[in-house]
Amino acid sequence: MSRINQEHVIGAACVLVGAIVLCLTTTFPKGATSSMQLTGPAFFPNLLAIILLALGCYQIVNGFINKGEFAAFSGKDCFAAMKNRKVITIFVIIGAFIFYILFLKTLGFFITSLIFLLVLQWQLQIVWWKSILTAFAFLGIIYLIFVKIFTISLPSGVLF
Amino acid sequence: MDAILLSVLDFNVLIPWLLAMVLGIFVGGIPGLTATMAVALIVPITYHMPPIAGLAMIIGVSFTSIFAGDIPATFLRVPGTPASGAAVLDGYKMSQKGQGSLAITLDLACSSIGGIVGMLILIFISPLLAIFALKFSHFEYFWLGVLGLSMSAIISKGSKVKGLISTLSGVLLSTIGIDIATGYPRFSFGNSELMSGIGFIPVMIGLFGISEVFRSILTADDMTVSTIGEKIVVSFSAVRKHISKHLRLVAQSSVIGNVIGALPGAGADIAAWVAYGVAKRTSKNPDDFGEGSIEGCIAPTSANNAALGGSWIPALVFGIPGDTITSIVLGAMLMYGLKPGPLIFEGERFLVNQIFAVGLLSQIFLLIVGYLGIRAYTLIFKFPKNIVYVGILLFSIVGSYAMRSSTFDIGVILFFGVLGFLMEKVKIPLPPMILGLILGPMIEENLRIGLIKTDGSFLPFVGRPISIFLVTVLVAMYFWEPITRLVRRILRSG
């Protein structure tokens with residue numbers, strides 16, 4: 001049985017973030033005067049990183065001391081959860097977001113949003129005619145509010 | 001008095017004013033569109049209008065959009081505006097318990113009352129408050145930021161260490177981007193978007209909205225049922241008893257909101273969080289906060305609208321903007337040929353009185369326009385969950401993109417959506433991270449500039465009257481409860 005619990009993971013993440021911040025700030029410029037040394041660009045992030053490191057260590061120790069209170073991580077459970085349809089839907093949403101980020105400038109707002117909406121509605125089991133109808137309704141409302149009223153320019157893509 | 005009322009109720013003023021208030025309802029309810037954007041949109045339209053018509057539109061749109069931000073916050077856990085961040089905590093829980101009607105009506109009524117209190121303070125004691133606000137130097141602003149940040153410990157449920165980790169992570173995130181003091185790009189890795197920093201609107205949409213969509217999809221048994229199960233009925237008579245019971249809290253939150261709003265740089269969002277924290281601290285039932293508490297619903301919504309009145313205090317009295325909205329207002333006033341500052345109270349007394357009248361009447365119109373707005377939004381929320389969730393995702397994407405025409409911000413909402421979901425899984429509270437992100441720049445800037453001014457000495461930070469007062473409040477917040485418990489025990493044993 002795994003001995004790692006959520007407290008260890010949170011603690012390790014804090015220690016990792018704190019350590020990365022401390023490493024990165026070594027390249028920050030130093031001030032010329034003593035007061036500038038103290039209050040240079042690294043001063044505040046370093047202060048936060050040190051506190052975060054301390055809290056991370058506390059979490060790790062707490063995870064060991066009170067290990068009975070926290071459920072242990074199980075790789076098998078995580079793998080089983082991946083096959084659940086609802087979990088797959090979350091991954092489809094994440095994939096749709098990445099698609100949107102990658103193709104918005106190329107395909108433009110209308111095509112990218114239409115694909116985004118149709119894929120998600122298909123995954124959420126909305127019947128096809130409702131899906132098409134709501135997709136165009138959403139696009140129309142967004143176009144009216146963002147482009148027509150607020151004159152915000154949305155990418156038209158390279159095809160148009 | 002009659003002349004002032006007649007002049008502001010003239011059709012040339014009233015019609016654009018009401019139209020702007022309706023626009024505010026739609027702007028506030030859509031994540032990513034802010035009250036500031038609505039005001040910026042309105043100013044060019046008002047160029048050829050009489051000054052009071054333009055100012056009425058600006059005042060009207062700002063009040064309604066701040067309230068409207070509470071509508072998606074209450075029903076979907078997606079704050080429509082930054083000022084509604086604190087409204088998600090108890091409003092959404094109430095809605096989940098089938099008390100959404102009560103929560104949103106309380107929001108509307110308290111927004112209006114908060115707005116009235118804010119305007120009355122503006123009318124009667126604005127010069128005094130403005131002088132107090134101007135006494136704030138870097139030292140006082142630093143303590144104000146720390147005081148605000150300490151609210152995270154109060155608003156967090158469960159482990160205080162996890163609350164602190166969430167807060168510090170938010171503050172650390174706020175250090176990404178160009179360093180204000182030296183111009184050095186921190187943690188940006190040559191990326192121009194990171195150089196501009198992480199905006200708290202995409203972070204807020206991700207942490208609250210997207211993570212909630214993930215959670216709902218995983219837990220919902222049937223995605224084809226309506227998003228809100230209850231019939232939304234806006235009944236002011238139903239909330240009257242709650243408001244009368246918590247009148248002190250409404251007044252307390254409105255005053256806190258107004259005072260914070262009057263401080264340049266501290267807006268309605270900070271006001272709402274601080275009012276929430278103080279309400280929890282002073283409540284007889286602090287454990288109910290975050291679980292659908294009526295007090296937790298009243299405090300932030302009273303404060304954020306009262307803060308708007310507060311932000312007009314330095315703007316009108318000294319010509320110093322209290323927030324981004326009043327900075328646009330000052331530009332608009334100059335465009336109309338008006339010079340904000342002490343002399344405006346002498347030279348343009350009639351216009352100043354008109355502004356006050358518009359501010360007060362806007363609170364009454366808010367009840368009507370807000371009621372219609374709730375009806376309109378609840379029609380949308382009646383749609384099945386799967387359609388509403390897809391809509392939330394697309395509106396969140398486009399709203400985030402629209403902030404600075406950058407796909408980077410879409411990545412930000414996705415990242416924080418996943419992070420927020422995971423954080424809630426391991427019981428790390430989300431609100432402190434937002435609070436840290438909002439207050440981080442204020443704390444860092446004032447701490448560093450203060451230390452530069454004092455050549456590294458921390459003593460002046462605790463040596464000025466207002467600083468001492470703020471530190472005392474800070475200490476009292478943490479030690480009040482144990483001290484009173486100790487005193488009670490001594491008295492009982494004695």
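1. In this predicted model, α9(B) is made up of 15 residues and spans 21 Å from its first C-alpha to its last, which is close to the 21 Å expected at 1.5 Å a residue. Because 13 of the 15 residues of α9(B) are buried, this helix is largely enclosed by the rest of the structure.

2. α9(B), residues 160-174, is also one of the helices that supply at least two residues each to the side of chain B that touches chain A. That contact as a whole takes 42 residues from chain B and 48 residues from chain A. Besides α9, the chain B helices that each supply at least two residues are α3 (35-45), α11 (200-219), α19 (385-404), α20 (408-425) and α21 (431-453). α19(B) gives the most to this side, with nine residues. Sorted by class, the side of chain B that touches chain A holds 29 nonpolar, eight polar and five charged residues.

3. The domain assignment divides chain B into domain 1, covering 2-462, and domain 2, covering 465-494, and the centres of these two domains of chain B, taken over C-alpha atoms, are separated by 31 Å. Their contact draws twelve residues from domain 1 of chain B and eight residues from domain 2 of chain B. On the domain 1 side, the largest share, seven residues, is provided by helix α8 of chain B, residues 138-155. By class, that side of domain 1 of chain B has eight nonpolar, one polar and three charged residues.

4. A packed pair of helices is described by the distance between the two axes and the angle between them. For helix α6 (residues 87-96) and helix α7 (residues 100-134) of chain B, the axes come within 7 Å and cross at roughly 145 degrees. The residues that meet are Ala87(B), Gly91(B), Met94(B) and Ser95(B) from α6(B), and Gly100(B), Leu102(B), Ala103(B) and Asp107(B) from α7(B). The residues of this contact between α6(B) and α7(B) divide into four nonpolar, three polar and one charged.

5. On confidence, chain A has an average pLDDT of 86, and 84% of the residues score at least 70. Which elements of chain A have the lowest and the highest mean pLDDT? The lowest mean, 61, belongs to helix α2 of chain A, residues 34-38, whereas the highest, 94, belongs to helix α1 of chain A, residues 6-24.

Methods
Residues numbered from 1 in each chain as written. Chains lettered and ligands numbered in written order. Predicted model: local features only at pLDDT ≥ 70, side-chain atom pairs only at ≥ 80, totals over all residues. Contact = placed C-beta atoms within 7 Å. Helix = DSSP H or I, 4+ residues; strand = E, 2+ residues; numbered from the N terminus. Nonpolar A, V, L, I, M, F, W, Y, C, P; charged D, E, K, R; others polar. Expected span 1.5 Å × (residues − 1). Buried ≥ 20, exposed ≤ 12 C-beta atoms within 10 Å, placed from the backbone. Domains from an automatic or database assignment. pLDDT = per-residue confidence, 0-100. Axes fitted to C-alpha atoms, helices over the stretch in contact; angles between N-to-C directions.
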